[in-house]
Amino acid sequence: MTTTAPKADARALGLAHYAARAALESVLGRHGATFQQQITLRLAVVAEAPVERAELVAQVVGSLKAGAAEAEQVVEELIGKGLLTAEASRVLVTDAGREFYAAVSAESSKISARVWGGIPEEDLAAAGRVLALVAERANAELAAASA
């Protein structure tokens, strides 16, 4: 009996995304945070320097395909939680923000290792190429629709 691997399509991508997101949200929920907050905080942490608030909001909009008002609200939530601080037009990660990010990353990396572990490198490379192309094309469709 021969089994055929399922073909990658929008449904398969969506199912994988939501399953992985739910796994991350289970970690975030234990820490009292949302997916949007984690993505926003990560952008500030990896910047490794204070970031212009407008630039952070633009990055969140691009990453989450959210509106600017929603992204701005998430930044405010992180400031309210003491994970970010604002100085003039810049946003900085606090020590508490770095600790939070490290704790969530440590927990979620264990889940990620179980999810991704054992997948052959060539499969990961092929999937990476396909996902990059899908993202590029979807972003082009979004840009065309808003033009």
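Select Lys65 to begin: Lys65 sits in the loop between H3 and H4. Helices here (H or I, at least four residues) and strands (E, at least two) are DSSP runs, numbered from the N terminus. Phi of Lys65 is near 55 degrees, a positive value in a residue other than glycine. With 48% relative accessibility, Lys65 counts as partly exposed; buried means under 20% relative accessible area, exposed over 50%, and partly exposed in between (1.4 Å probe, protein chains only).

The model is predicted: local features need pLDDT of at least 70, side-chain atom pairs count only at pLDDT 80 or more, and totals for chains, interfaces and linings use all residues. Residues are numbered from 1 along each chain as its sequence is written, and side-chain values use heavy atoms, with hydrogens and water left out.

Next, select Ala88. Ala88 is in the loop between strand E2 (84-87) and strand E3 (90-93). Its phi is also positive, about 55 degrees, although Ala88 is not a glycine. Is Ala88 buried or exposed? At 87% relative accessibility, Ala88 counts as exposed.

Now show the strands. They form an open sheet of three strands in the order E1-E3-E2, with antiparallel pairing; two strands pair if DSSP finds at least two bridges between them. Strand E1 (51-52) and E2 stand at the edges, each with a single partner strand, so one side of each has no neighbour in the sheet. E1 and E3 run antiparallel and are joined by two bridges. To see one of the partners, select Val51: its bridge partner in E3 is Val91. H4 packs on the sheet and touches E2 and E3, and its direction makes about 105 degrees with that of E2. Contact means heavy atoms within 4.5 Å. For the angle, axes are lines fitted to C-alpha atoms, for helices over the stretch in contact, and angles run from 0 to 180 degrees between N-to-C directions.

Turn to the charged side chains. How many salt bridges does the structure hold? There are four salt bridges, each being a side-chain nitrogen of Lys or Arg within 4 Å of a carboxyl oxygen of Asp or Glu.

Select Arg53 and Glu76. They form a salt bridge, with the closest N and O atoms 2.2 Å apart. Arg53 lies in helix H3 (residues 53-64) and Glu76 in helix H4 (residues 68-80), so the pair ties together parts that are 23 residues apart in sequence. Arg53 is buried at 17% relative accessibility, while Glu76 is partly exposed at 42%.

Then select Arg21 and Glu25. Both lie in helix H1 (residues 10-30), four residues apart, about one turn of the helix. Glu25 is partly exposed, with a relative accessible area of 35%.

Move to Arg30 and Glu107, another salt bridge, with the closest N and O atoms 2.8 Å apart. Arg30 lies in helix H1 and Glu107 in helix H5 (residues 95-116), so this pair ties together parts that are 77 residues apart in sequence. Arg30 is exposed at 57% relative accessibility, and Glu107 is partly exposed at 25%.

The last stop is Ser108, also in helix H5. Leaving aside its neighbours within four places in sequence, Ser108 is in contact with Leu24 and Val27.
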